Amino acid sequence: MVQLTNTLNRFGYIHGPHRIYKRMQVFRFTWHYYGRHRRCYKLAIQRLHKAWLHATRNRKMKGLLYKEIWQTRIDAACREHGIKYFEFIESLTRQNIQLNHAVLNDLAIYEPRTFKSLCDVAKQHIVNTGLYNLKLQEPEGVFNRSMFTDEINQ
């Protein structure tokens, strides 16, 4: 078999896989498209390249969107405990508490007591070092979870 392949290759009969397999692969990727983009090879490959460009761009954007959502959630949880987001992150960084945004987001949602203790640690660090002008009093007319739990406990 090897000798036959070498002989045929010498005369120019074998140049790799047949081009029908390449076309079939493109049509496997474009089977769900509408119109001629799924039937005509030239249009299908153009649409496929455009789809791959969009997919690459959106994969990069996905991480940025997640980070923005996490940042918003962490900021809301921090403000419930009387500290701003950037003060909180800066304080944790200076104390070498290495928790990324995803973990802080999960703590803010599913472990509010743990997140409150992190906020307390951050606030105490800010007060001790004078990093920011931290106001530990809550503004009037703002309701949060801690106010309701204090009323229930009394």
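This is a predicted model: local features need pLDDT of at least 70, side-chain atom pairs count only at pLDDT 80 or more; totals for chains, interfaces and linings use all residues.
1. **Overall fold.** We're looking at a chain with seven helices and zero strands. Going along the sequence, the pattern reads α-α-α-α-α-α-α. Take the contacts with a separation of 6 or more: 47% of them join residues 24 or more positions apart.

2. **Surface and interior.** The chain has 154 residues, and buried ones make up 19% of them.

3. **α3 against α4.** How do these two helices cross? Their axes come within 8 Å and cross at roughly 95°. Anything from 65 to 115 degrees counts as roughly perpendicular, so α3 and α4 are roughly perpendicular to each other. If you want to find the contact on screen, look for Q71, I74, D75 and C78 in α3, which meet Y85, F86 and F88 in α4. Sorted by class, this contact has five nonpolar residues, one polar and one charged.

4. **α4 against α6.** Helix α4 (residues 85-94) also packs on helix α6 (residues 112-129), here at an angle of about 80° and with the axes 9 Å apart. That angle makes α4 roughly perpendicular to α6. On the α4 side, the contact is made by E87, F88, S91, L92 and R94, and on the α6 side by F115, L118, C119, A122, H125 and I126. The class count for this contact is seven nonpolar, two polar and two charged residues. Note that F88 turns up here and also in the contact with α3.

5. **The largest nonpolar core.** As background, nonpolar side chains tend to be buried together in soluble globular proteins. In this model the largest nonpolar core has 15 residues, and the members touching the most other members are I74, C78, I83, F88, L104 and F115. Helices α3 (41-80), α4, α5 (101-110) and α6 each give two or more residues to this core. The largest share, five residues, comes from α6.

6. **I74 up close.** Which residues does I74 touch, once those up to four places away in sequence are set aside? The list is Y85, F88, H101, L104, N105 and F115. Among these, F88, L104 and F115 also belong to the group that touches the most other core members, as does I74 itself.

7. **A second core.** There is also a separate core of five residues, including V26, Y41, A44 and L48.

8. **T30, in a loop.** T30 lies in the loop between α2 (19-29) and α3. Is T30 buried or exposed? Its relative accessibility is 0%, so T30 counts as buried. Beyond its neighbours within four places in sequence, T30 is in contact with H37, R38, A44 and L48.

9. **K123, in a helix.** K123 sits in helix α6. Its relative accessible area is 16%, and the cut-off for buried is under 20%, so this lysine counts as buried. Where is G82 relative to K123? The two are 41 residues apart in sequence, and their C-alpha atoms are 8.7 Å apart in space.

Conventions: Residues are numbered from 1 along each chain as its sequence is written. Side-chain values use heavy atoms; hydrogens and water are left out. Axes are lines fitted to C-alpha atoms, for helices over the stretch in contact, and angles run from 0 to 180 degrees between N-to-C directions. Helices (H or I, at least four residues) and strands (E, at least two) are DSSP runs, numbered from the N terminus. Angles under 35 degrees count as roughly parallel, over 145 as roughly antiparallel, 65 to 115 as roughly perpendicular and the rest as oblique. Contact means heavy atoms within 4.5 Å. Ala, Val, Leu, Ile, Met, Phe, Trp, Tyr, Cys and Pro count as nonpolar, Asp, Glu, Lys and Arg as charged, and the others, Gly among them, as polar. A nonpolar core is a set of buried Ala, Val, Leu, Ile, Met, Phe, Trp, Tyr and Cys residues joined through side-chain atoms within 4.5 Å. Buried means under 20% relative accessible area, exposed over 50%, partly exposed in between (1.4 Å probe, protein chains only).
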